[in-house]
Amino acid sequence: MTSRETARRRRTPFAVLGALALTLSTLTAPAYAEPDLPADGKGLSEAQLEAQAEGVSGIPGVDEISRSRNMVPVAHLDKQAPLSSTQTDIAFQGNYAFVGNYDGFVIYDIRNPRKPSIKSQVLCPGSQNDISVYGNLLFLSTDSSRSDNSCNSVSKPATEKSSWEGIKVFDITDKAAPKYVAAVETDCGSHTHTLVPGKNKKDVYLYISSYSPNSTFPDCQPPHDKISIVKVPLKAPAQAHLLKAPVLFPDGGNQGKPGTIETGYVVPTSGCHDITVYPQLDLAAGACMGDGVLWDISDRENLKEIHRVQDDKNFAFWHSATFNNNGTKVVFTDELGGGGAATCNEKIGPTRGANGIYDIVGKGKDRKLVFKSYFKIPRMQADTENCVAHNGSLIPVPGKDIMVQSWYQGGISVWDFTNSNKPREIGFFERGPMPNGGGGGTWSTYWYNGYIYSSEMGRGFDVIDMRDPRTFVAKFFRTDELNVQTQGNFYRG
């Protein structure tokens, strides 16, 4: 959530609705008993126990749906040509959801979440196409070597100096016809980017995360222990430019550890995969391959490290980060196997390819990330199903830390980490294996204005209605804009 969004969001009288919702939650709580599950994720979750009581158990068949009773699918749209490639991340604004696709991006009209429709599609190939929006601007990451920065580009080897990768800017004033505005080249491309509002309200910054340098790539040279910062003047977005590329790991970061998915390994740090910011608190959390980092971003152009952690026993690849609403915790995800492997099975176990929950302890420059527990979906997946922790968001419930999250073919999981030591799953929705053992699943799953939206890599766009007293109050929260990697306080401006 951006600071601009905080100022613009429509407030609801939470003193009345919050009290009502919490009262209803208390009155109905016995139907959703909370067993003391171990923090390592072993045993059945509440959601599984409820599903089993209704005769739902085991791994669903190909394209079959398995879900807890509180997770009700209300809409699905298949992908449509010409965007037939992998669907990726989601951003929201007003009555629209913006979904990246390796072929470009889609704008969905979600005015009626039960009947979403495609407003427009923009063909602009480039892998990832990680996406964010701010006012009338849309930003799109390109992390594949292209012949030029246009939407008519073709693939070109990264070994050629003239190849292009980076960030593109579009004007989305007219949702039916977005306009290309500008592009900025960045070293090693833009795997993901994080939108950071400037304190002067005249500029936005994009923290560009990229990695995997190679000595044969002219524009992606090792050691690449840095990010790129792009500055975008809001009144003149065509003047977007690379401001600087600060080295964030002068010591080289985690040197890595060889191994396999089965034995364990650590990818050496050579950049970051994803950064989440909390502008109101001047904080950023970085998931940087072999390292998890907490930064001070009070100066948006100069990140200062507060604390850094490593987990060489269980984390292979620090993938993403999520603050809780109070900014006192960070959930880091581990993308064991790069998202293409089956890691949600008994062979891999409950602590690898999981989330790591860290409390932020201390004050100011003395703050530390303190590990508390792991969370991994307890539902075993088939050995053909790529499954690992992926993108998710908080559900705005006062006084609780509840998150909805994608797990590729592990589906959608809603889990509560209010008690950092005892996280537990309280809802799930998943489909069975892809036909012919193919890869796929849900890339990003976010809560927005009362519903859960999911970007299915191979299948398309899903809308889920979570009907549960524990998250009931969240249905009353409204915001005008949501970029999940740009967080803010749900209840205070």
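Modeller: Two cysteines count as a disulfide when their sulfur atoms lie within 2.5 Å. Keep in mind that this is a predicted model. The sulfur atoms of Cys344 and Cys387 are 2.0 Å apart, and a disulfide joins the two residues. That value is inside the cut-off. The torsion about this S-S bond is -75°, and the link is left-handed. It connects distant parts of the chain, 43 residues apart. Cys344 sits in the loop between strand E20 (329-334) and strand E21 (355-361). Cys387 sits in the loop between strand E22 (368-375) and strand E23 (392-395).

Are these two cysteines buried or exposed? Buried means under 20% relative accessible area. Cys344 has 3% relative accessibility, so it counts as buried. Cys387 has a relative accessible area of 0%, so it is buried as well.

Now the wider count. The structure holds four disulfides. Number the bonded cysteines in sequence order, and the pairing reads 1-2, 3-4, 5-6, 7-8.

Another of these bonds joins Cys124 to Cys151, with an S to S distance of 2.1 Å. Here the torsion about the S-S bond is -80°, and the link is left-handed. The two residues are 27 residues apart and lie in distant parts of the chain. Cys124 is in the loop between strand E6 (117-123) and E7. Cys151 is in the loop between E8 and strand E9 (164-171). Both Cys124 and Cys151 are buried.

Next comes the link of Cys188 and Cys220. Their sulfur atoms are 1.9 Å apart. The torsion about this bond is about 100°, so the disulfide is right-handed. Again distant parts of the chain are linked, 32 residues apart. Cys188 belongs to the loop between E10 and strand E11 (192-197). Cys220 belongs to the loop between strand E12 (203-209) and strand E13 (228-233). Cys188 and Cys220 are both buried.

Strands E7 to E10 deserve a word here. They form an open sheet of four strands, in the order E7-E8-E9-E10, with antiparallel pairing. The edge strands are E7 (128-134) and E10 (179-185), each pairing on one side only. Neighbouring strands are turned by 25° against each other on average, direction ignored. E7 pairs with E8 (residues 137-146) over five bridges, in the antiparallel sense. In one of these bridges, Gln128 has Thr142 of E8 as its partner. Cys124 lies in the loop leading from E6 to E7. Cys188 lies in the loop between E10 and E11.

Now step back to the packing. The largest nonpolar core has 20 residues. Those with the most contacts inside it are Phe92, Ala97, Tyr108, Ile110, Tyr453, Phe461 and Val463. Several strands supply at least two residues each, including strand E2 (71-78), strand E3 (87-93) and strand E28 (451-456). E2 gives the largest share of this core, four residues. Apart from it lies another core, of 18 residues, among them Leu283, Leu294, Val309 and Phe332.

The aromatic pairs come to 23. One of them is Phe477 with Tyr491, an edge-to-face pair at 6.3 Å centre to centre and 70° between the planes. Phe477 is in the loop between E29 and strand E30 (481-482) and Tyr491 in the segment after E30, so the pair ties together parts 14 residues apart in sequence. Phe477 is buried at 5% relative accessible area. Tyr491, at 22%, counts as partly exposed.

Last, the overall picture. The protein has three helices and 30 strands. Buried residues make up 61% of its 493 residues. Of the contacts with a separation of 6 or more, 60% are between residues 24 or more positions apart.

How values were computed: Residues are numbered from 1 along each chain as its sequence is written. This is a predicted model: local features need pLDDT of at least 70, side-chain atom pairs count only at pLDDT 80 or more; totals for chains, interfaces and linings use all residues. Side-chain values use heavy atoms; hydrogens and water are left out. Two strands pair if DSSP finds at least two bridges between them. Axes are lines fitted to C-alpha atoms, for helices over the stretch in contact, and angles run from 0 to 180 degrees between N-to-C directions. Buried means under 20% relative accessible area, exposed over 50%, partly exposed in between (1.4 Å probe, protein chains only). A nonpolar core is a set of buried Ala, Val, Leu, Ile, Met, Phe, Trp, Tyr and Cys residues joined through side-chain atoms within 4.5 Å. Rings of Phe, Tyr and Trp (its six-membered ring) pair if their centres lie within 6.5 Å; planes under 30 degrees apart count as stacked, over 60 as edge-to-face and the rest as tilted. Contact means heavy atoms within 4.5 Å.
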